[in-house]
Amino acid sequence: IFIAGANVTERADWPLAEVKAHVKRQRAVLVRLRHAPIFHVGVVHGIALGWGTEFMIACDYRIAVPGAKFALPETGLGILPGAGGASELASLIGPNQALRLGMTGEPVDAVEAARIGRVDELAPELAAGLGRAEGLAARMATRSPTAAAAFKAAALASIGLSADARRAVEAYAYEHCVDSGEAAIGRKNFATITAGAAPEWGPFTPWLP
């Protein structure tokens with residue numbers, strides 16, 4: 001099991017307001033994770049049901065290994081995937097595949113998940129998947145935290161905007177890197193950086209669109 005999701009019987013005696021508040025909190029947690037100023041990689045090695053599949057929506061990059069399985073069983077339980085499954089999945093895999101998973105509950109394995117864009121990469125086994133994630137993390141660690149976070153914020157904020165609005169978001173994010181001093185550090189240490197070493201970047205300065 002990667003994340004098996006909820007056992008809905010635990011909510012049998014909950015007031016309706018408590019059920020709604022619980023899922024609202026889950027939704028808010030995953031939104032915050034999606035927008036965290038880090039490169040968040042998920043490696044799925046087992047069953048990712050319901051909230052497990054929704055958790056992967058909040059990842060920036062998704063790796064699956066043989067044995068991984070994804071499904072959204074919620075509509076068969078009289079609810080819907082309410083922590084991103086209904087609102088965000090279609091933007092990642094297209095409306096038809098999202099409707100297939102959400103309306104039928106059909107499980108998909110790692111290969112099918114990669115085919116439809118549910119995961120970004122396949123690894124032959126767990127150790128290789130974790131190694132790939134650690135390699136990406138090591139590369140991320142050499143980057144300016146301020147610039148990398150600004151890139152992520154701009155990329156996510158630009159989704160669904162007009163071309164002019166996307167370029168405006170990009171311009172603001174770029175200028176933030178200049179104003180924070182990170183661009184100057186990059187220029188000063190250009191030879192060091194191109195040789196494969198990381199300079200001492202400045203303090204992390206978040207930018208929000």
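How many cavities of 30 Å³ or more does a search of the whole structure find? The search turns up 1. (A cavity is a set of points on a 1 Å grid over the protein atoms alone where a 1.4 Å probe fits but cannot get out.)

Before you click: this is a predicted model, where local features need pLDDT of at least 70, side-chain atom pairs count only at pLDDT 80 or more, and totals for chains, interfaces and linings use all residues. Residues are numbered from 1 along each chain as its sequence is written, and side-chain values use heavy atoms, with hydrogens and water left out.

Start by selecting Thr53, Phe70, Ala71, Leu72, Leu101, Val108 and Arg118, which line the largest cavity; lining residues have an atom within 4 Å of a point. About 30 Å³ of space is in there, with volume taken as the space filled by probe spheres set on the points.

Next, pick helix α7 (residues 145–158) and helix α8 (residues 163–179), both DSSP runs (H or I, at least four residues). Their axes, lines fitted to C-alpha atoms over the stretch in contact, come within 9 Å and cross at roughly 170 degrees. The two are therefore roughly antiparallel (angles over 145 degrees). Show side chains: Ala150 and Ala154 are among the α7 residues that meet α8, where Val169 and Ala173 are among the partners (contact means heavy atoms within 4.5 Å).

Last stop: Phe39 and Tyr61, an aromatic pair with 6.3 Å centre to centre and 35 degrees between the planes. Ring centres within 6.5 Å make a pair.

Note on methods. On a 1 Å grid over the protein atoms alone, a cavity is a set of points where a 1.4 Å probe fits but cannot get out, and a pocket is an open set with protein on both sides within 12 Å along at least five of seven lines; lining residues have an atom within 4 Å of a point. Axes are lines fitted to C-alpha atoms, for helices over the stretch in contact, and angles run from 0 to 180 degrees between N-to-C directions. Angles under 35 degrees count as roughly parallel, over 145 as roughly antiparallel, 65 to 115 as roughly perpendicular and the rest as oblique. Rings of Phe, Tyr and Trp (its six-membered ring) pair if their centres lie within 6.5 Å; planes under 30 degrees apart count as stacked, over 60 as edge-to-face and the rest as tilted.
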